[in-house]
Amino acid sequence: MTTIEEDLSKELSDAWDQIIKSPNCTNINTFGSLMRYLGQNLPPTELANILGGNMSKQQFLDMQGSVMTKETTDEDVLEAFKVFDKNGNGRIDMSDLRFLLSNQGDKLDVNICADICSRISTQNGSFDFRDLVNRLSN
């Protein structure tokens with residue numbers, strides 16, 4: 001079984017190989033294509049600062065790996081949940097959670113989604129995401 005870091009490193013390495021196609025990158029346009037492929041649409045000045053004239057594949061992997069595996073804080077999770085808090089009351093509808101789990105990002109299998117949802121305490125079809133984050137972090 002591979003770790004998240006190993007999966008991420010392989011994904012980044014494969015993206016480099018597909019777009020850069022050499023051990024080093026010096027072209028800002030090619031580097032911009034790579035970053036857009038990874039979902040990061042950066043302005044040219046920022047791309048130039050990151051690239052610094054020349055970047056090796058290993059430097060790229062180290063840089064991106066540290067950025068993408070940054071530890072998520074409880075505040076980060078709460079902020080993400082707030083986007084789906086339609087009434088601003090700290091609650092999210094279970095139907096919205098099921099939709100997100102099965103249709104956004106790494107889409108979960110319907111059975112896994114159902115298992116996750118069955119473990120969350122609900123009231124009138126919704127759950128208190130602040131309580132959930134608190135329970136998950138303790």
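A residue counts as exposed when its relative accessible area is over 50%, and as buried when that area is under 20%. Keep this in mind for the exercises below, which use a predicted model.

**Exercise 1. Is Pro44 buried or exposed?**

*Solution.* Start by locating the residue: Pro44 belongs to helix α3, which covers residues 44–51. Next, take its relative accessible area, which is 60%. The cut-off for exposed is over 50%, so Pro44 is exposed. For a sense of distance, compare Pro44 with Asp115: 71 residues separate them in sequence, and their C-alpha atoms are 44 Å apart in space.

**Exercise 2. Which kind of aromatic pair do the rings of Phe81 and Phe127 form?**

*Solution.* The whole structure holds 4 aromatic pairs. In the pair asked about, the ring centres of Phe81 and Phe127 are 6.0 Å apart, and pairing requires centres within 6.5 Å. Now look at the planes: they meet at 80°, so this pair is edge-to-face. Phe81 sits in helix α5 (residues 74–82) and Phe127 in strand β4 (residues 126–128), so the pair links distant parts of the chain, 46 residues apart. Phe81 and Phe127 are both buried. Elsewhere, have a look at Trp16, Phe31 and Phe60, which form one aromatic cluster.

**Exercise 3. Which elements give two or more residues to the lining of the largest pocket?**

*Solution.* First, the space: the largest pocket has about 400 Å³. Then go through its lining, which includes Val77, Ala80, Phe81, Leu97, Leu100 and Leu101. The elements giving two or more residues are α5 and α6 (94–103). Finally, sort the lining by class: 8 residues are nonpolar, 2 polar and 1 charged.

Methods. Residues numbered from 1 in each chain as written. Predicted model: local features only at pLDDT ≥ 70, side-chain atom pairs only at ≥ 80, totals over all residues. Heavy atoms only, no water. Helix = DSSP H or I, 4+ residues; strand = E, 2+ residues; numbered from the N terminus. Buried < 20%, exposed > 50% of the residue type's maximum accessible area, 1.4 Å probe, protein only. Phe/Tyr/Trp six-rings, centres within 6.5 Å; stacked < 30°, edge-to-face > 60°. 1 Å grid on protein atoms, 1.4 Å probe; cavity = no way out; pocket = protein on both sides within 12 Å on 5 of 7 lines; lining within 4 Å. Points joined across faces, edges and corners; volume = space filled by probe spheres on them. Nonpolar A, V, L, I, M, F, W, Y, C, P; charged D, E, K, R; others polar.
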